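My entries follow the structure.

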Amino acid sequence: MFALVDCNSFYASCERVFQPHLYGKPVVVLSNNDGMVVAKSKEAKALGLDLGAPYFQIKEILQEHSVYAFSSNYTLYGDMSQRVMNTLRELTSDVEVYSIDEAFLDLRGFTHRDLLEYGKEIRATVLQWTHIPVSIGIAPTKTLTKVANKIGKKGDGVIKLDTLESIDQALSDFPIEDIWGIGRRRTELLLRMGIRTAKQLRDMDIKWVRKRMTVTGERMVRELRGEPCYGWDEQPTSKKQIICSRSFGKFLTEKKDIEEALVFYASRAAERLRAQGSVASDIMVFFETSRFSGPLYAPAKVVHLPRETNYTPDLIKATLVGIQDCFRKGYKYRKGGVMLMGIHPAGERQYDLLSERNEPKQEALMKTLDGLNKRYGANSVFYAATGIKQEWKMMRQLKSPHYTTSWSELPVAV
DNA sequence: TCTGGGGTCCTAGGACCC
DNA sequence: TCTGGGGTCCTAGGACCC
């Protein structure tokens, strides 16, 4: 048996931990740049707010219903996530962190315990230690734990599906669009066929599923049948691509501003690359005008790096080359970013026999840089090419403090 | 004025090779 | 008139996830 632990309205719950007067009140969290709503508390969901709606359009409705809105504070959410995951690791040894607010537990060794009781115990402990409420679904496959978890969200939080009858019952009411692995396109396809429930999908001809929904669909259906098809992956695997992109705080028209922003993103991407001990062989540079107004211009340029590297100045140089290649004047740019590709462990790097062997010096420099930024806070030390004024920086007018990660922003008890 | 950001896996089809 | 077949590698794009 497996379990899926999923934090309820995670971002909103994180904000509440440090502002307890928000319990029971509607809370929403906005995307970067305060663009749109990305997380809602149960009370906010009950108001029927449209998740995709831009903030500026629903601002008044939010005020009318006294909804508390926050800019996203990923530093806080990341730190709270770690606390939840560490709590889970204290309670059970096999934890696979699946996302910032979800983890699978492998309970195959727990044959001697009542798993429903155990789930309730986990839920209570996480709540007590971190103040984050979670739902838990327990079932024979990962896909079924997702189903159980979703059902649990509506009730008291912990659901176990282990008998054929309980699974049948759960699937017969479960809409296909809520199944893990069924998105918009597959929902359309299945509805056209008259398939509406998870039970109907589970009982379909597997060959048809394979043909129309590829092996990913086949695996999903087999999992619904109780046959585990997804592996167990406890170590976080290193990223195969690293993207750093953002909407700009305002429209940018000058090449210099695009350069500053993208150089900044490149240096952040490089930090992440070094953090996982990898080097990259290519970097893609991209930026675009708004998709909602004016002519769309969205160039992207892949720049091959002369050597596999994680040295920030190499990546900055390549970023500038990429921008030089595709920047055009006369457009108002809204967002942009970089993507690192061809990522390998640094140890496997091919050295060029003729190039100067500067690596030890460069590695030491990067190590110092990363160390300073870790110790004194992100961006304490940065490349001058990222500019000083940083007018491209995103807007986050409603951000809560970094309660848990910055000495100057600790909550004060009075 | 204002519409997120960061990932994975799979397949089809083209290029190329023998 | 008649123009193979099998294999690998790479890339773009689709679909999905949180």
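I took helices (H or I, at least four residues) and strands (E, at least two) as DSSP runs, numbered from the N terminus. This is a predicted model, in which I needed pLDDT of at least 70 for local features and 80 or more for side-chain atom pairs, while totals for chains, interfaces and linings use all residues. Residues are numbered from 1 along each chain as its sequence is written, chains are lettered from A, and side-chain values use heavy atoms, without hydrogens and water.

Entry 1, DNA strand B.
I counted a residue as near the strand if one of its heavy atoms lies within 4 Å of it. I found 24 residues around DNA strand B, with I243, S245, S247, F251 and R334 the closest.

I noted a side-chain N or O atom of K240 at 2.9 Å from a phosphate oxygen of DNA strand B. For K335 the corresponding distance to a phosphate oxygen is 3.3 Å. The elements giving two or more residues to this surface are α10 (206-224), β9 (242-252) and β12 (333-341). β9 supplies the largest share, 7 residues.

Most residues other than glycine have a negative phi. I found S9 with phi near 35°, in the loop between β1 (2-7) and α1 (10-18). H131 has phi near 65° and sits in the loop between α5 (115-130) and β7 (134-139).

Note on methods. Polar contact = N/O pair within 3.5 Å; in protein donor to acceptor, adjacent residues only side chain to side chain.
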